[in-house]
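Here is a guided walk through a structure, taken one region at a time.

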Amino acid sequence: MRPLIILCTLVTVLVSIASPAAAQPREVVIGVIYPLSGPAALTGLENKVVNEIARDVANGDVDIPLPFYQRLKGMPGLKGAKVRLIFADHQGKPEVGQAEAERLVTQEKVHALYGSWHSSVTATVSQVAERYGIPHVNGQSSSPGLTKRGFKWFFRTSPHDEHFTQAMFDFFRDFQKKRGISLKSVAITNEDTLFGSDSAKVQRELAKKYGYEIALDMQYRARATSLQAEVQRLKAANADIWLPTSYHTDAILFVRHSKELDYNPKMIMAQNAGHMAPDFVSAVGKDAEGTMSRAPFNTDLVDRRPAAKAIATLYQQRHGKDFYDNPARSVTGMFTLLDAINRAGSTDPEAIRKALVATNIPGDQLVMTWDGIKFDETGQNVHVKGIIIQLQGLKWHTVYPFELATKDVLYPIPAWKDRK
Amino acid sequence: MGCVYALVAAGLSLIFGLMELVNFAHGEFLMLAMYVAFFAWSLGGLDPVIGAPVAAAVLGAVGWLTYHGLIRRVLAAPMLAQIFATFGLGVFLRNGAQFAFGVDFLTVQDPWLAGRLSLGGLFLGLPQVGASLVALAAFLALYLFLSRSETGLALTATAQDRQAASLMGIDTQRMFALGWVIGGACVGVAGALLATFFYIYPDVGGPFALLAYVTVALGGFGNVPGTLAAGVVVGLVEALAGLLIPPAFKYSVVFALYLAVVLWRPQGLFGRF
């Protein structure tokens, strides 16, 4: 019996050594980690739809007639290897994201990671990626700290809150000049995870830098059952500008409580996220009229970018909703990753990483109205640009930069008693 | 809000008092109630205030089904099995809801209870005031039922001493089922009331359930009027804490209060055991 066992073991070992190393991989596997359940599931689902569109372009099932996407089509760099996306749900929890990332890397053997929307989850997922030496591309998390950790394997295509908040304060400055008014005080409210805290930090710094008085600086829990006390504080502070950084659930509650408690901010400048979700408008409708937000992209700019138009149509077909900033960012990041893998010509992590570092995509090929995609040594895309949008008539309109604006700024936001 | 927390907790308290079993799916019952109220509004045009009895009836049925389908079989099982049973039910309901209804946030538009009440300089949201009034009415009804009607008294008797009650000829199984039906009905009304001003999605039950457990423990397991008092306390503490300290910590005050009561008086403020 024993010699037989030894023989079998020997044969198995020899066979595994002798089998050809995967010189040309048959498929590219990317682990995509998003919130597919929990309060932000809406966003996760949108990202899934749009990432699948990107995958179909890479696999040659969908055609976008622009040089950048034509280059990607069928993944010629990898001799036609198919792209496969494995979606994982992090439920909005950093520890689940971390566990899923570990599983994807060690068991599913993904070649790259993509995700995860929540800055707090992106932080832990990228730690896993850094540890295992797997490239992690992020298209949407905006906490500035993510690219300040000296990570080699983390790349972010979209702006972070320092860019965005700077755009906000540039807007305040230019708007005051344009209208000849003076805005002196700000109220900063933020939900208490990484996204909110980092955003508030930048807002505080810039407010001080530009000489605004901080009338209120308030942190709160996004999943509270009631935000009335918080709105009462806002009312008492009575700042000229309200700067909320919220996720979906708290954004909705804030508007409702503001109406109930008769809080009338003259200007609301949100940090995207919850305020941008499609359900925000359908939930609170005209009560949110006049709310402004920073954004990397807006639906009314679709006509300025041919790629945006093409993808927006597909998105509308597959998901039944309007293409907007969130899926736009997600798909841009995914295309960047796919393009890098294609240029690397291999699924070796180091090759992909080098290709990512060498990325230089011209702005007109993108969905976004940015100047392009090029990463600096921290992994941050330096060609980003933020815009300011405002909710008017139940639709978001670009209002800044004034050259790109499709509508004039509505100011001040009419008080509750003056609204119909 | 305290009255709403109390109503959610009332059902929980009743169930525990009857059979010493914590319903970990209570948050999900609340979520189902909110969905029922929403669909009554979107499909039947019934404002949630009118939809409340509908939600109560549906959730009462859900409670009855849960009892006969699940709880009856685990009554004799070790406590851990009971916990897992209701916890598992909660997970199943939450994900089932996501599967059936999707993850969109749903809201009832233009409910009857909208706007605000201004008393002097004090603004009170009308939906919350309405919810409190209805919750108080529901509590009164529950209290009268438990203390005046024969079935209610039988229920209380079963809660106090199961064996003595069955010796007196009270059918324990029916009482248990009734407890679940009433518990479900309470949470049904609470859910419908919440639907007038809160967003609805599969995970909405979580924070409310947590506060409900605190409320029940604070008021005393099995003591229904105690639950009302405790609920009001929790609501007030939450609101005041939000005003006086950074709101991110307001729940820690609530939980700190709970810890203090549990350490000093484990049976809750009005508990019996």
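Predicted model: local features only at pLDDT ≥ 70, side-chain atom pairs only at ≥ 80, totals over all residues.

Two residues count as being in contact here if their C-beta atoms, placed from the backbone, lie within 7 Å. Chain B brings 24 residues to the contact, and chain A brings 30. On the chain B side, the elements that give two or more residues are β2 (122-125), α9 (205-219), α10 (224-244) and α11 (250-264) of chain B. The top contributor to this side is α10(B), with 4 residues. Sorted by class, the side of chain B that touches chain A holds 15 nonpolar, 4 polar and 5 charged residues.

Let's stay with chain B for a moment. This chain has 11 helices and 2 strands. Reading from the N terminus, its elements run α-α-α-α-β-β-α-α-α-α-α-α-α. Its radius of gyration is 18 Å, close to the 19 Å that the globule rule gives for 273 residues, so chain B is as compact as a globular protein of that length. The C-alpha trace of chain B spans about 55 × 45 × 35 Å along its principal axes. Of the 273 residues in chain B, 54% are buried. Among the contacts in chain B with a separation of 6 or more, 76% are between residues 24 or more positions apart.

Helix α4 (residues 79-101) of chain B has 23 residues, which at 1.5 Å a residue should span 33 Å; its end C-alpha atoms are 33 Å apart, so the two agree. Which residues of α4(B) are buried? They are B:Q82, B:A85, B:T86, B:G90, B:L93, B:R94 and B:A97. An α-helix has 3.6 residues a turn, so residues three or four places apart point the same way. The cover over the buried residues of α4(B) includes α2 (26-44) and α3 (48-74) of chain B. Just after α4(B), B:G102 takes a positive phi of about 75°.

Now turn to chain A and find an open sheet of 5 strands, with parallel pairing and the order β2-β1-β3-β4-β5. Its edge strands are β2 (82-89) and β5 (154-156) of chain A, each pairing on one side only. On average, neighbouring strands of this sheet are turned by 25° against each other, direction ignored. Within the sheet, strand β3 (residues 112-115) and strand β4 (residues 136-138) of chain A pair in the parallel sense over 2 bridges. The bridge partner of A:L113 in β4(A) is A:H136. Helix α2 (residues 41-58) of chain A lies across β1 (27-34) and β2 of chain A, at about 170° to β2(A). Helix α12 (residues 325-344) of chain A lies across β1, β2, β3 and β4 of chain A, running at about 170° to β3(A).

Chain A also has an open sheet of 7 strands with mixed pairing, in the order β7-β6-β8-β9-β10-β13-β14. The edges here are β7 (213-220) and β14 (395-400) of chain A. Strand β6 (residues 185-191) of chain A runs parallel to β7(A) and is joined to it by 7 bridges. A:N190 has A:Q219 as its bridge partner in β7(A). Helix α8 (residues 228-237) of chain A packs on this sheet, touching β6, β7 and β8 (241-245) of chain A, and its direction makes about 180° with that of β7(A).

Further along this sheet, 2 bridges join β8(A) to β9(A), which run parallel. The bridge partner of A:W242 in β9(A) is A:I268. Strand β9 (residues 267-270) of chain A has both faces covered: A:M267 and A:M269 on one side, and A:I268 and A:A270 on the other, are all buried.

Finally, a few backbone details in chain A. A cis peptide bond joins A:G115 and A:S116, with omega about 10°; A:S116 lies in the loop between β3 and α5 (119-132) of chain A. Another cis peptide bond joins A:Y400 and A:P401, with omega about 5°. A:M75, in the loop between α3 (67-72) and β2 of chain A, is not a glycine, yet its phi is positive, near 50°. Is A:M75 buried or exposed? With 22 other C-beta atoms within 10 Å, A:M75 is buried. A:L394 also has a positive phi, about 65°, but this residue is exposed, with 11 other C-beta atoms within 10 Å.

Conventions
Residues numbered from 1 in each chain as written. Chains lettered and ligands numbered in written order. Pairing = 2+ DSSP bridges. Axes fitted to C-alpha atoms, helices over the stretch in contact; angles between N-to-C directions. Rg over C-alpha atoms; globule rule 2.2 N^0.38 Å. Buried ≥ 20, exposed ≤ 12 C-beta atoms within 10 Å, placed from the backbone. Nonpolar A, V, L, I, M, F, W, Y, C, P; charged D, E, K, R; others polar. Expected span 1.5 Å × (residues − 1).
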